Amino acid sequence: MAYPYQPQPFAFAPPMLALPTPIIGPQYCAPYPLELAVVKKVMTISDGNYVVTDVNGNIVFKVKDPLLTLHERRVLLDAAGYPIITLRRKIATMHDRWEAYRGDSTKSKDLIFTAKKSSIIQLKINLEVFLAGNTKEDVCDFKVKDSESSCIVYVGESNNTLAKMQKKETVKSVLFGKDHLMVTVYPNVDYAFIVALMLIFNETGTIEEEINSAVDGFSQGLGLNMKSKVVHMLVSKMLGLLAC
């Protein structure tokens with residue numbers, strides 16, 4: 001089967017692994033390692049604030065952020081603009097659950113997988129991923145773990161690595177407010193699936209990030225000067241205790 005585009009191989013060759021069947025489709029499984037850049041454009045007025053490119057800068061995927069929807073949603077598009085996956089964040093869930101559907105659907109019959117935090121309060125982001133057929137969710141099918149310098153996608157509870165993501169800071173990313181994520185996808189791994197996981201990971205916050213966000217909103221509501229480190233520390237500790 002022909003690939004939807006001609007992905008450029010990455011120079012580093014990770015070991016070949018016995019992997020599950022493609023999650024999104026075999027056309028997104030290359031027989032060699034790939035390095036992809038996931039760029040989040042913070043300062044944008046368009047309806048899509050993510051773009052995914054290969055090592056040569058060719059667009060592989062784009063991400064559309066539909067406006068005026070009840071649920072927070074992201075739609076992963078191929079280079080031609082065809083919808084591949086719709087990511088929907090469920091409202092008011094303790095574990096910050098996301099659901100992934102085929103195309104632009106959100107019907108239960110088109111559900112591909114769900115992803116959620118492994119625990120309610122996290123200092124580092126760890127996600128558990130369950131395929132649609134795994135309704136009991138006793139054991140996850142995949143896991144995304146945050147580390148000091150990268151995040152890694154594993155098969156279930158094993159140490160079999162499917163992909164790694166690292167944050168890359170460039171002059172452009174600092175000046176123009178862009179998150180630049182470099183993703184290395186191992187051979188024969190569904191890279192559309194991996195990109196979907198990376199998008200969910202990048203939208204999921206740790207308890208520290210959530211508290212900092214709450215601190216800013218809380219302090220602004222009270223008219224506090226958050227330039228004061230003492231005020232910021234006191235409000236952070238108060239909200240941290242509430243989170244526990």
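Which residues touch the most other members of the largest nonpolar core? In this predicted model, they are F61, F113 and I194, in a core of 47 residues. Such a core is a set of buried Ala, Val, Leu, Ile, Met, Phe, Trp, Tyr and Cys residues joined through side-chain atoms within 4.5 Å; buried means under 20% relative accessible area with a 1.4 Å probe, counting protein chains only. Helix α2, residues 191-203, gives the most to this core, with 11 residues.

A word on conventions. Residues are numbered from 1 along each chain as its sequence is written, and side-chain values use heavy atoms, leaving out hydrogens and water. Local features need pLDDT of at least 70 and side-chain atom pairs count only at pLDDT 80 or more, whereas totals for chains, interfaces and linings use all residues.

The protein has four helices and 12 strands, taken as DSSP runs (H or I, at least four residues, for helices; E, at least two, for strands) and numbered from the N terminus. Of its 244 residues, 44% are buried.

I turn now to strand β5, residues 83-89. Six of its seven residues are buried, so the strand is largely enclosed by the rest of the structure. Strand β4, residues 72-78, runs antiparallel to β5 and is joined to it by six bridges; pairing requires at least two DSSP bridges. L77 has P83 in β5 as its bridge partner. Four residues separate β4 and β5 in a hairpin, and G81 in the turn has a positive phi of about 95°. β5 also pairs with strand β6, residues 98-102, in the antiparallel sense over five bridges, with R88 opposite E99 in β6.

Conventions: Buried < 20%, exposed > 50% of the residue type's maximum accessible area, 1.4 Å probe, protein only.
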